[in-house]
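Hi everyone, thanks for coming. Please have the sequence and the 3D view open while I talk, and stop me whenever you like.

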Number of protein chains: 2
Amino acid sequence: MFGAIEGGGTKFVCAVGTGPEELAITQFSTESPEPTVARAIAFLKERSGGRLQAVGIGSFGPVDLSPSSPTFGCITSTPKPGWQNYDFAGAVGQALGVPVGFDTDVDASALGESRWGAAQSVSDFLYLTVGTGIGGGAIVNGQILHGLIHPEVGHIRIPHDLQRDPYRGCCPFHGDCLEGLACGPAIEKRWGKPAHELTVDHPAWALEAHYLALGLANWVCTLSPKRIILGGGVMQQQSLFPLIRAELIRLLNGYVRSKELIENMEQYVVPPKLGNRAGIAGALVLAEQAYQQQRNRAAIPGHSENTR
Amino acid sequence: MFGAIEGGGTKFVCAVGTGPEELAITQFSTESPEPTVARAIAFLKERSGGRLQAVGIGSFGPVDLSPSSPTFGCITSTPKPGWQNYDFAGAVGQALGVPVGFDTDVDASALGESRWGAAQSVSDFLYLTVGTGIGGGAIVNGQILHGLIHPEVGHIRIPHDLQRDPYRGCCPFHGDCLEGLACGPAIEKRWGKPAHELTVDHPAWALEAHYLALGLANWVCTLSPKRIILGGGVMQQQSLFPLIRAELIRLLNGYVRSKELIENMEQYVVPPKLGNRAGIAGALVLAEQAYQQQRNRAAIPGHSENTR
């Protein structure tokens, strides 16, 4: 039995179970770190009857994922008060005494969709979330892409035609990067109402599809994914999918010759199968991986828990 | 002893040897496929005295790298006359009767720099070439990134300020994608003379650094590389390196918090150590991999060459 925490900047989701269909689940809003994490730990202890074998955490970021770093498992430079340099993985591991798997919330979502969702047996894909921010997790050759830190795909620069769209963008770091132009708050600031209040024929959606397709075109050229999963609050507007697919085809303009991109675009750009459970399901996968790693280490002669 | 072919759109480089310092090498211009490849095969046969164990090919593209595809090893949709759908790997393998490793020229360069050059023991990096076109090979978690086809990083869309730079771009597919704005031919068309004739204080270089840094910023956000190697003819202008590094820092604006990006930019954006031998050296690595794969297959009981 595994524990899972999806630690978001706005809300925490916690679960105990074995898969997306076998979950005891709760959620509450994110306050300062200590009481929030204490509440998560209390839930995990109680629901598991103390029988947890490992915990997985998908966290808002940026986070330190480098196993050799002294601050591995910490949230790093977030503007969220109290959470800078908070040792998230360490706090959970100490309280529960079990192995902890730790990654970004979007990497967790990608893992969840890989195991149970829209990317089963797909070796290379991108999971993108479009909501308060824009973030993504990439799987390459069947493994999560971390690299130097982890991707921050929302912050790529894209063409911005100021005549068509005079809105300057809302990213505090980059102004009109993709996130600055196309996240939920950007839609609200540009059009004067939140995305979920805009009717399906509102011009906001064609512009949104244009920006997201520019992002997708750049990731097709860079990551060469076999599928792109689009989740998050803004993507609740289902009519975005056909608009994005058509715009992506227009932008690629036949350059990347692949049946998947030319004939099967409806299977190429897809919604998540697990919906808003992708992240918490993926945190279970992180728990399982941490559990396996501990077992593998224990199986090496002379390599006990004490020498970790 | 391995054979190596770097098949470029303009010239072919062929070599026999064991590493970048131990190479018998030749080059000639690329004509139609049959005589060009026959010349490569003749060189490999003669120089090896018939003792080749495998051959590696780094090819211009796009190419089919999918091992399960009936057209694996072929060049696909190139506009280069005669080369469309040419079975490059098949022709070499049939003529020489040895295993053939096959990948893009830029993936080969990335492999060469990984083994002997500027990215030794770097698990995640990008090799970029800026010349007649712009292309790149990415290593993620120590493995080449292929994905659906292979990256075409030169074709990402970037901001283009038409007031600063009214030149519309030269990409036949996308106009002002990165390659369309920043490849060698774009520089020549914009300024009226080729890059190598422009003095070091020409405004062309600041603009070129701006465009390349926009590309780099997008790849930092997407691939999270630990290093970026910039090769190719345009990068012969060494003064581009400090301009690109400064512009990349400005564009990232402190968002991606990493010592490597903030304090060690001079070790982060670097020239190739193997210079113009990266590609042919990487083709040797491809040969070695093909040789190892054949040995591994042969070691599986009941799995002989005939059942491949």
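**A glutamine and its neighbours**

Let's start with A:Gln237, which touches A:Leu198, A:Val200 and A:Trp205, if we leave out residues up to four places away in sequence. Before we go on, please keep in mind that this is a predicted model. Where along chain A does A:Gln237 sit? You'll find A:Gln237 in the loop between β9 (227–231) and α7 (240–252) of chain A. Is A:Gln237 buried or exposed? The relative accessible area of A:Gln237 is 17%, and buried means under 20%, so this residue counts as buried.

Now please turn to chain B. A quick reminder for those new to sheets: strands pair through backbone hydrogen bonds, and the pairing can be parallel or antiparallel.

Take strand β5, residues 100–104 of chain B, where 4 of the 5 residues are buried, leaving the strand mostly covered. Which way does β5(B) pair with strand β4 (residues 54–59) of chain B? The two pair in the parallel sense, over 5 bridges.

Strand β9 (residues 227–231) of chain B runs parallel to β10(B), and 2 bridges join them. Look for B:Ile229 there, standing opposite B:Val270 in β10(B).

**Spaces inside**

Last topic: cavities. How many cavities of 30 Å³ or more turn up in a search of the whole structure? The search finds 3.

The largest cavity holds about 70 Å³ of space. Residues from chain A and chain B line it, including A:Tyr255, A:Arg257, B:Ile149 and B:His150. Sorted by class, that lining has 4 nonpolar, 2 polar and 2 charged residues.

The second largest cavity has a volume of about 40 Å³. Among the residues lining this one are A:Leu148, A:His150, B:Cys221 and B:Tyr268. By class, its lining divides into 7 nonpolar, 2 polar and 1 charged.

Note on methods:
Residues are numbered from 1 along each chain as its sequence is written. Chains are lettered from A and ligands numbered from 1 in the order in which they are written. This is a predicted model: local features need pLDDT of at least 70, side-chain atom pairs count only at pLDDT 80 or more; totals for chains, interfaces and linings use all residues. Side-chain values use heavy atoms; hydrogens and water are left out. On a 1 Å grid over the protein atoms alone, a cavity is a set of points where a 1.4 Å probe fits but cannot get out, and a pocket is an open set with protein on both sides within 12 Å along at least five of seven lines; lining residues have an atom within 4 Å of a point. Grid points are joined across faces, edges and corners, and a volume is the space filled by probe spheres set on the points. Ala, Val, Leu, Ile, Met, Phe, Trp, Tyr, Cys and Pro count as nonpolar, Asp, Glu, Lys and Arg as charged, and the others, Gly among them, as polar. Buried means under 20% relative accessible area, exposed over 50%, partly exposed in between (1.4 Å probe, protein chains only). Two strands pair if DSSP finds at least two bridges between them. Contact means heavy atoms within 4.5 Å.
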